[in-house]
Amino acid sequence: MPTERRIKTLKLRVRSIQTSFSLIKTFTENYDADTDVHQIPVRLENLGTLWTDYNRTQAELEAEAEDETVIDELFKQRSEFESAYYKVKGFLLAEDKSPATPCASPSSHSAAQFPQSASHVRLPDVKLPVFNGNMENWLNFHDLYCL
């Protein structure tokens, strides 16, 4: 595909993603906890998909750009989108009242299922990984504890 046509296609994809993101952003700005609370998990899921698509498409667009002025403008757009994304995602996470994805059902391992003698066994200490606070590492850390 010629470069100009590819750039046009990428720009259209970015605009489509930005339009979908704008709908979620508007949702957060007009959020009504009494009527909209059940939409949050769905919008969070969609937001994650949009974020992935945006990063991939914007990176392709940046790679195609040759003029420094265009590259600077693309980085500025990325910065603005990223800032808005974090604000919207933070709001949605704060308002999300749905239960977290369970790693394991706590009721499936009640104490009554194990023999009484097993409760006095001393097991070695286990060094558990500690989350460092970097959001880019969150899913890997989370996956250590969930199947």
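Is Arg13 buried, partly exposed or exposed, and what is its relative accessible area? I looked it up: Arg13 is partly exposed, at 34%. For my own notes, buried is under 20% relative accessible area, exposed is over 50%, and partly exposed is in between (1.4 Å probe, protein chains only).

Before going on, I noted that this is a predicted model, where local features need pLDDT of at least 70, side-chain atom pairs count only at pLDDT 80 or more, and totals for chains, interfaces and linings use all residues. Residues are numbered from 1 along each chain as its sequence is written, and side-chain values use heavy atoms, with hydrogens and water left out.

**Salt bridges**

I searched the whole structure and got six salt bridges (a side-chain nitrogen of Lys or Arg within 4 Å of a carboxyl oxygen of Asp or Glu). One of them pairs Glu60 with Arg13, with the closest N and O atoms 4.0 Å apart. Glu60 sits in helix H3 and Arg13 in helix H1, so this pair ties together parts 47 residues apart in sequence. Helices here are DSSP runs (H or I, at least four residues), numbered from the N terminus.

Next I checked Arg6, which bridges to Glu64 at 3.1 Å between the closest N and O atoms. Arg6 is in helix H1 (residues 3-29) and Glu64 in helix H3, 58 residues apart.

Then I looked at Asp53 and Arg56, whose side chains meet in a salt bridge (2.9 Å, N to O). They are three residues apart in helix H3, so about one helical turn separates them.

How values were computed
Helices (H or I, at least four residues) and strands (E, at least two) are DSSP runs, numbered from the N terminus.
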